[in-house]
2 protein chains.
Amino acid sequence: MDTMGRHVIAEMWDCNIDTLNDMGRIEQIFVNAALKAGAEVREVAFHKFAPQGVSGVVIISESHLTIHSFPEHGYASIDVYTCGDIIDPNVACDFISDALESKSCEKIEVPRGKGPVHVPKYNAL
Amino acid sequence: MDTMGRHVIAEMWDCNIDTLNDMGRIEQIFVNAALKAGAEVREVAFHKFAPQGVSGVVIISESHLTIHSFPEHGYASIDVYTCGDIIDPNVACDFISDALESKSCEKIEVPRGKGPVHVPKYNAL
């Protein structure tokens with residue numbers, strides 16, 4: 001398998017606070033985001049923190065999707081990393097942004113597995 | 001909890017090929033890397049691909065560590081993301097680099113949860 005990958009790092013602000021604190025709902029969103037992008041889900045692991053917040057990952061054949069949510073700040077830290085050139089991580093990222101009802105999403109795409117790490121300027125959505 | 005976090009993205013080349021294909025060993029390395037940095041392990045999920053390669057994550061109270069290994073290329077794609085300002089993700093990253101016997105590690109540190117994504121130039125080690 002080629003090492004080439006695309007890693008989207010997204011900062012989602014002003015999200016739906018109830019959703020950010022609902023682990024079952026977030027897990028469902030993330031699995032659906034992976035499937036929407038055409039990825040194959042391999043492992044799912046989520047954790048609910050007390051008093052609030054959710055962390056979790058969906059491992060896909062093509063890499064991973066992760067979230068760390070901070071309901072008290074309306075913020076979710078999102079990574080969508082896909083190997084190969086067939087799947088577009090932005091499809092999953094946009095699906096997540098819509099599902100979390102983020103009103104302010106900033107993201108960058110980092111090429112992976114191509115030698116020195118090179119990062120373009122961020123693109124506000 | 002403060003949203004501020006530190007996300008180290010590392011490209012590790014020329015690693016030990018046998019280690020890159022040993023899921024049990026990688027899982028052990030990642031748990032130990034988290035503990036070495038002073039993090040609290042919450043969830044562990046790893047997957048072994050056929051014919052080769054391992055993907056996995058350790059979710060910590062302070063965010064996550066992930067790996068995608070490509071033994072056939074001697075390459076491992078590593079992320080170490082820690083929230084707060086107590087834990088240094090570089091401690092875990094360096095531990096992983098040593099354990100994988102990477103002879104060429106490039107990494108960048110991306111501040112998370114602070115507004116627009118800002119990424120410095122990469123630092124070759």
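How many residues of chain A are in contact with chain B? Select both chains: 45 residues of chain A are in contact (heavy atoms within 4.5 Å) with 45 residues of chain B.

Before going on, know that this is a predicted model, where local features need pLDDT of at least 70, side-chain atom pairs count only at pLDDT 80 or more, and totals for chains, interfaces and linings use all residues. Residues are numbered from 1 along each chain as its sequence is written, chains are lettered from A in the order in which they are written, and side-chain values use heavy atoms, with hydrogens and water left out.

**Stop 1: the interface.** The two chains bury about 3,500 Å² between them, 64% of it from carbon and sulfur atoms; this is the accessible area (1.4 Å probe) lost on putting them together, summed over both.

**Stop 2: a salt bridge.** Now pick Arg112(B) and Asp79(A), whose side chains form a salt bridge at 3.0 Å, N to O. The term needs a side-chain nitrogen of Lys or Arg within 4 Å of a carboxyl oxygen of Asp or Glu. The count between chain A and chain B is four.

**Stop 3: the strands of chain A.** Next, color strand 5 (75-83) of chain A. This strand gives the largest share of the side touching chain B, six residues. Strands here are DSSP runs of E, at least two residues long, numbered from the N terminus.

**Stop 4: two helices of chain B.** Finally, select residues 23-36 (helix 2) and 89-100 (helix 3) of chain B; their axes lie 8 Å apart at an angle of about 145 degrees. Helices are DSSP runs of H or I, at least four residues. Axes are lines fitted to C-alpha atoms over the stretch in contact, and angles run from 0 to 180 degrees between N-to-C directions. Look for Phe30(B) and Phe95(B), which are among the residues making this contact.
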